[in-house]
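Please look through the sequence and the model shown here. The paragraphs after them go through some features one at a time.

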Amino acid sequence: MKISLEWLRDYAVLDAPLDTLVQGLIDTGTEVEHVSRGPAGIIVARILALAPVPESTKGVLFADIDIGRGEPVRVLTGAANLNVGDLVPYAPPGTLLPGWDEPLGVRAMFGGKYQSPGMLCSAVELSLGEDAAGIHHLDHGLPGAPLHEAVTLDTVLEVEVTTNRPDCLCHVGIAREMAAAVGETVREPDTEVPAGLLSAASMARRVEVDVEDAEGCPRFAMRIIENVAVAPSPEWLQRRLRAVGLRPINNVVDVTNYVARELGQPLHAFDLDRFSAAQGSDGGTPRVVVRRGRNEQVLCLDGVKRSVGPEDIAVCAGEVAVSIAGVIGGAGTAVDDATRNVLLEAASWDGPTVRATSKRLGVRTDASTLFEKGLSDTLPPGALDRAAALIAELAGGHVLQDRVDVRARPLPVIAPIEVSGAILSRQLGYPVDTTEAATALARLGFGVEQRGDELTVTPPHFRRDVSIVEDVVEEVGRSLGYERVPSTLPGRRTPVSGLAADTPVEDRVKDVLVGAGFDEAISWSFVSRPHAAAVAGFGGARSPIPLRNPLSEDWSVLRTSLVPGVVEAVAGNLRRGVEDVRLFELGRAFWEGERRGQVAGSTPDGADAKLPPLPAEPLLLAAAVSAPDASAAAAGIRHLQAVVGRLAGDLGAGTVDTMPATVPGLRIGRSGRMVCNGRDVGVVGEVDADTAAHFELRGRLAVAEVQLDALIPEHPAPRRYLAPPRHPAVVQDLAVTVPVEALAGDALRAVREAGGTLLESVVLYDEYRGENLGPARKGWTFRLAFRAPDRTLTSADAQSLQDAIAVGLRVRCGAEVRR
Amino acid sequence: MGQVVNAVVERVTDAIEERRAALAAGGTGDESAEAIDLTWPPAPLQRGHLHPVSRVFRDVRRIFSQLGYIAVSGPEVEYDRYNFTLVNMPPGHPSRDTQDTFFIDDARLLRTHTSPVQVRSMLIRGAPQRVIVPGKAYRRDYDATHFPMFFQVEGMCIDKGIALCDLKGTLEFFARSMFGVDRAIRLRPHHFEFTEPSIELDVSCAVCGGEGCRLCKGSGWLELLGGGMVHPNVLRNGNVDPAVYSGFAFGMGVERIAILAYGIEDGRLLYENDVRFVSQG
């Protein structure tokens, strides 16, 4: 919100340097985003001579100007409103004009034939007004003098006010904060209507007010100003409105905007005669009704027709809705040049209702921005009187002597808060001087009664955000300055139960992946439906949870698998020309209907039981290896299997076996399920051609996804170090032939079962195919190591074990020993 | 005589052994023929790389674990009441709008901050406790500096007699540990519904050291995080008695820390999964 410094000075002595004033606001909690000091470096110039540029067809002139340096300066100008003797603003080279990125230079014109050093400025170029047509004329000033000696230049602050402080969304509010920060006190404007502006007539019988919706409208106040002459506002008012970014309209509307920016209470002005007319044929006393909408149309001030329903509040002329309360007024009852009598409204509207209406209609106005934050119901009468008096003063006419003021639902009065220097000191962490705290609170408008260390603090009527001790602690803390707060670490009394230093599983997993050559990816938790459907990873057939309000179709559902994101990330890197991409991602997916039990830390009232359950959020790991061809892709799959095996071992989960299986999105014959302790924990394989095409993937891609929480045993076995074996191993090779369809996993299981405890290890290290075996057989060689813990095995022991293994292999896999 | 013979035999045997050992080691006796060019760069040892966000998480965890904090988590799909109502933003509260929320249905949403874990952790662990909550949050906002998914670390300390000075000290310890011991901090008053008083923490600019530069927009300070003293209503919602216990809480954006700590010029790089970017770490 834009705040004019000149305007602020109406309410407080703010003579400190600008930097001090701005820093004071920042230090006490009002963010100042930008300070616009007006144009700097502009000087006053007097036109000495004007002559047409011979080459110009558009009336460009040479202007010789006096800038107080003796020698005149010659600039070029296209303006048609200049006469010799005029005083005008001149921006010399090097000036940075408001809104320009670069300083002015010397401009070469007409093919470089003439030079124009700097320029004469229009009102728009100086942010002094809206007139862009000609050069701005100055009333007075000495040639060469800085511009601010000739015109009033305002400093405008762009402030950001937190949602709890709607009282600061106006000049009096900011003046109060700024004044308090520099040790001054604000003087609020006198809002009473001067007797001279009042007429003897009363509101009675001139208007009836009926607030049917007390919930939506805690307070509704009105005044009538008669016999006004609508005209442009005086220059001072126009300038102030422009300074804060508002467009002047006429003296009635401008006053309502001005008072809103002054006091933080929006107002609305109706044309009283149009209001009566809108009421229709009954023609009696104008009747103002505040009620909920009845799905009726209101033609708004901006020319748009909008419908108001039961969730909106309408201000009605009799039965006819003419204004959308708190958001935007109606066109049919608006004030314009023909208006003679003004019906002025100042109301309190229910914040959440205004917020909902503004959101639903997509209309945010100055008024709705204020009302939605929940304004105090103490504001309307003062703002109403202030505006009525200003209208009568500027537009003539008289204010009827009384006002209508309906308090349909008085907001609860904020009770005084008992606090003490001891409490303040304890909560802020340093010894707070009670009297100093009391003074600071008083400057902010609080009523303070001090009895020794005790304070009774009554928040001012406009501070509905202050109601508990902690709120007062904040007011004192921020006023006295947080630089006074020392830096300490809290004492250590936390019980050790439930505390243990731990390397989180995520970190251990990431270390394994990074060590294995994978870079970490982070992809969005939302995906497009086509991506989710193209490759489902370990998410399988689960249907993804749709977002009600996604940012785009590309991000419309929650992921059930990390694979689509990782595949897309790999594809992007390949497109960027990176080769051999290895990526992994560790994160959560969302599986609807699979959460068992309530989330830890649910409220004991059981309120969640009535709500749809939260989805399960499995911790998944997806990894991918890009490959130029089929054999590299096969190696990639092997590498992924090895990584998962390593992880399962490190986490204490045991071994992971892969079972060939059809996995949607992965190549048949090159995909499988990963199983650990009899439970499916993941999938692995190579992306199939359709999926590759969907993701515009170059080359081939091996992927794997495992559910990490399934690999973390509930009671991990403690780490053990055993003494190295004392007896030698007997190592033998066993060569067999098996049918070509035999699976290594089956064979190795058979070997281990038959080998028993004396088989220390088995490696399948060679596969052989050849004409001598025929097309139906392949040759395998196992390297077997036998060892007993308590004796040296004889070759006879080893032979009998190998024979048993050969029998097992024959039974399970149809293996024949090759001699 | 015998002694001389033995000595000769010994010497010959030693010579044979020596030569055998040299041959076994692959030597030819001519060592200069086996010289290698040690200035030839070795093939680099290949490994992958953590994402910068993961690095920040590790640093933050390490720093707070030194102060006795444990890391906890909560669901990313949350109930409206935990995300808003229980952290002092009842239905209709204007601050709900500022948090552009992704909704799933009337009751469920993607959490807009890690703060709901404050209440959940209080309900699980009671008082006293010290936790940090590293995790994802979501807001319906996407431009050069806002991402629909982002990372936060929430921190909370509940105990008897916790005061604002403890929050300031803790954050100063964090800022100095994360960004260097010569960094200064300042607290600015701010407003959050779930803390009272509320503050924002600025840290002195790394680039200019407080003189004012482009990064800090001339102020000498960089905004780092928000926090405050846990609001009594939030303590009550966590079943902690505000008459006995008090606490502080804070929340920081991990992207912001990464940008400041690692000099990342554009936060969008963190979400592009470009290995040429990630593999610098």
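In which strand of chain B is Pro197(B) found? Pro197(B) belongs to strand S7 (residues 195-204) of chain B, where helices (H or I, at least four residues) and strands (E, at least two) are DSSP runs, numbered from the N terminus. A cis peptide bond links Glu196(B) to Pro197(B), with omega at about -5°. Another cis bond joins Ala127(B) and Pro128(B), and its omega is about -5°. Pro128(B) sits in the loop between helix H4 (116-125) and strand S4 (129-138) of chain B. Most peptide bonds are trans, and most residues other than glycine have a negative phi. In chain A, Phe110(A) has a positive phi, near 50°. This residue is in the loop between strand S7 (106-109) and strand S8 (114-117) of chain A.

A word on how to read the names and values. This is a predicted model, in which local features need pLDDT of at least 70 and side-chain atom pairs count only at pLDDT 80 or more, while totals for chains, interfaces and linings use all residues. Residues are numbered from 1 along each chain as its sequence is written, chains are lettered from A and ligands numbered from 1 in the order in which they are written, and side-chain values use heavy atoms, with hydrogens and water left out.

Next comes the interface. Contact here means heavy atoms within 4.5 Å, and 90 residues of chain A are in contact with 89 residues of chain B. The two chains bury about 7600 Å² between them, 57% of it on carbon and sulfur atoms; buried area is the accessible area (1.4 Å probe) that two parts lose on being put together, summed over both. On the side of chain A, the most area is lost by Tyr482(A), Ile522(A) and Trp524(A), together 10% of what that side buries.

Charged side chains also take part. Side chains of opposite charge can pair when their charged atoms come close. A salt bridge is a side-chain nitrogen of Lys or Arg within 4 Å of a carboxyl oxygen of Asp or Glu. In one salt bridge, the side chains of Arg108(B) and Glu592(A) meet at 2.9 Å, N to O. Arg108(B) lies in strand S3 (residues 108-110) of chain B and Glu592(A) in the loop between S30 and S31 of chain A, so this pair joins two chains. Arg576(A) and Asp274(B) form a salt bridge as well, at 3.1 Å, N to O. The side of chain A that touches chain B has 40 nonpolar, 22 polar and 28 charged residues; Ala, Val, Leu, Ile, Met, Phe, Trp, Tyr, Cys and Pro count as nonpolar, Asp, Glu, Lys and Arg as charged, and the others, Gly among them, as polar.

Last are the cavities. On a 1 Å grid over the protein atoms alone, a cavity is a set of points where a 1.4 Å probe fits but cannot get out, and lining residues have an atom within 4 Å of a point. There are 2 cavities of 30 Å³ or more. Grid points are joined across faces, edges and corners, and a volume is the space filled by probe spheres set on the points. The largest cavity has about 50 Å³, and its lining has 10 nonpolar residues, no polar and no charged. Among them are Leu513(A), Phe518(A) and Val706(A). The second largest cavity has about 30 Å³, with a lining of 5 nonpolar, 2 polar and 1 charged. Its lining includes Arg559(A), Thr560(A) and Ser561(A).

Definitions and conventions:
1 Å grid on protein atoms, 1.4 Å probe; cavity = no way out; pocket = protein on both sides within 12 Å on 5 of 7 lines; lining within 4 Å.
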